[in-house]
Amino acid sequence: MTTTTSPIRGPGVFLAQFAGDAAPYNSLDGLAGWAAGHGYAGVQIPSWDTRLMDLALAAESQTYCDDLRGRLAAHGVQITELSTHLQGQLVAVHPAYDAPMDAFAPEAVRGKYAERTEWAKQQLHFAAKASQRLGLTAHATFSGALAWPYLYPWPQRPAGLIEAAFDELAARWRPILDAFDEAGVDVCYEVHPGEDLCDGASYEMFLERVGNHPRANLLYDPSHFVLQQLDYLAYIDCYHERIKAFHVKDAEFRPTGRLGVYGGFQAWKDRAGRFRSLGDGQVDFRAIFSKLTQYGYTGWAVLEWECCIKHPEQGAAEGAPFIRDHLIRVAERAFDDFAASTTDDATNRRMLGLEPRA
């Protein structure tokens with residue numbers, strides 16, 4: 001059920017990690033019923049998964065979108081956002097990642113960089129229109145990456161390399177951002193290792209190049225900042241005006257004499273930094289929900305479940321009550337109103353010693 005007292009909506013769940021080939025995970029209706037059964041009020045839909053939705057058709061047909069919303073409402077859930085994480089990744093791909101990234105694209109454009117890039121851009125345009133038809137105001141995605149292989153380089157980067165990468169990234173995204181602006185929908189970049197937008201500084205570089213575009217906003221996910229050892233609470237202070245979506249995802253960072261931030265090429269369960277189910281990591285969610293509430297965030301709190309230890313069904317079952325327990329009912333009056341005194345301008349001036357004294 002959706003809270004009626006917190007400005008933050010929830011709980012929601014990102015379906016990407018749960019979709020599969022067996023029922024109930026292989027259809028939108030099946031997953032909607034599953035999510036509602038776990039206590040979720042909203043679902044974030046991975047738009048690339050054709051088992052769940054047809055993105056091109058959603059961009060074209062209001063009837064299809066109305067039917068989609070109605071089917072979800074029948075289960076007691078609604079759409080929080082559409083996601084184009086995989087398509088957004090393909091807007092900008094460094095050649096070193098061409099082969100693995102091809103798996104994100106349809107067969108017809110694999111191995112064809114220019115065609116694949118144009119396909120990805122078109123997908124984002126579809127997502128803008130589909131989001132508008134679905135009555136959504138935010139959209140979750142990745143930025144893609146041209147500069148990522150040069151994040152921590154040896155030998156040193158040549159002068160102008162990063163600037164050229166961010167110039168090109170901005171040029172590719174600017175028309176997409178304009179399309180989302182026309183649709184009245186915020187693009188929410190998930191700031192993430194592997195993307196050129198990987199922290200606050202890189203986001204600012206991009207934002208400057210798209211002219212501080214009003215739709216170039218953020219999906220806040222503290223787990224990625226734990227793994228980078230970035231202050232995820234101060235990040236909210238810096239960028240709260242741009243945070244329009246929220247992944248509730250836990251993580252831990254436990255460095256050893258052998259492993260640190262980079263993970264030593266180890267599997268997830270053996271790294272110092274690991275994603276965990278909600279409540280099993282180190283993220284201070286009470287402080288996060290307090291800060292987001294303080295700054296007036298009114299979007300959804302959406303579970304993105306990833307854990308290298310716990311079973312996904314247990315993580316999903318624990319996620320909804322965890323989020324609900326962190327939603328904050330905003331006070332309607334100050335806690336010390338009982339001690340308030342009635343004054344007027346003349347009294348205030350006398351109290352400050354601004355009136356002539358006898």
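**Close-up views of the predicted model**

**P155 sits in the loop that runs from β4 (138-141) to α7.** Helices and strands are DSSP runs (H or I, at least four residues, for helices; E, at least two, for strands), numbered from the N terminus. The peptide bond between W154 and P155 is cis. Its omega is about 0°. The model is predicted: local features need pLDDT of at least 70, side-chain atom pairs count only at pLDDT 80 or more, and totals for chains, interfaces and linings use all residues. Residues are numbered from 1 along each chain as its sequence is written, and side-chain values use heavy atoms, with hydrogens and water left out.

**A cis bond also joins G10 to P11.** Omega is near 0° here. P11 belongs to a strand, β1, which covers residues 9-14. P155, in contrast, is a loop residue.

**Q229 and F265 have positive phi values.** Neither residue is glycine. For Q229, phi is near 65°. Q229 lies in the loop that links α9 with α10 (232-239). For F265, phi is near 60°. F265 lies in the loop that links β8 (250-253) with β9.

Helix α7 spans residues 161-183, and helix α8 spans residues 200-209. The angle between them is about 60°, and the axes are 8 Å apart. Axes are lines fitted to C-alpha atoms, for helices over the stretch in contact, and angles run from 0 to 180 degrees between N-to-C directions. The crossing of α7 and α8 is right-handed (near helix turned clockwise from the far one by less than a right angle; left-handed if anticlockwise). From α7, the contact (heavy atoms within 4.5 Å) takes in I162, E163, F166, D167, L169, A170, W173 and L177. From α8 come S202, M205, F206 and R209. The contact has eight nonpolar, one polar and three charged residues (nonpolar: Ala, Val, Leu, Ile, Met, Phe, Trp, Tyr, Cys, Pro; charged: Asp, Glu, Lys, Arg; polar: the others, Gly among them).

**Helix α6 runs roughly parallel to α7.** Helix α6 covers residues 113-133. It meets α7 at an angle of about 15°, and the two axes are 8 Å apart. α6 and α7 cross in a right-handed sense. On the α6 side, the contact uses Y113, T117, K121, L124, H125, A127, A128 and Q132. On the α7 side, it uses R172, W173, P175, I176, A179, F180, E182 and A183. The classes are 10 nonpolar, three polar and three charged. W173 of α7 takes part in the contact with α6 and in the contact with α8.

**Helices α10 and α11 are roughly parallel.** Helix α11 is formed by residues 285-294. The axes of α10 and α11 cross at roughly 10° and come within 10 Å of each other. Y232, L233, I236 and D237 of α10 touch A287, I288, K291 and L292 of α11. Six of these contact residues are nonpolar, two are charged and no residue is polar.

**The largest pocket has 26 lining residues.** Its volume is about 990 Å³. W148, L151, P193, V261 and Y262 are the lining residues closest to the pocket centre. At least two lining residues come from each of α9 (222-228) and β9 (273-276). α9 gives the most, with three. By class, the lining has 15 nonpolar, eight polar and three charged residues. On a 1 Å grid over the protein atoms alone, a pocket is an open set of points where a 1.4 Å probe fits, with protein on both sides within 12 Å along at least five of seven lines; lining residues have an atom within 4 Å of a point. Points are joined across faces, edges and corners, and the volume is the space filled by probe spheres set on them.

Definitions and conventions:
Parallel < 35°, antiparallel > 145°, perpendicular 65-115°, else oblique.
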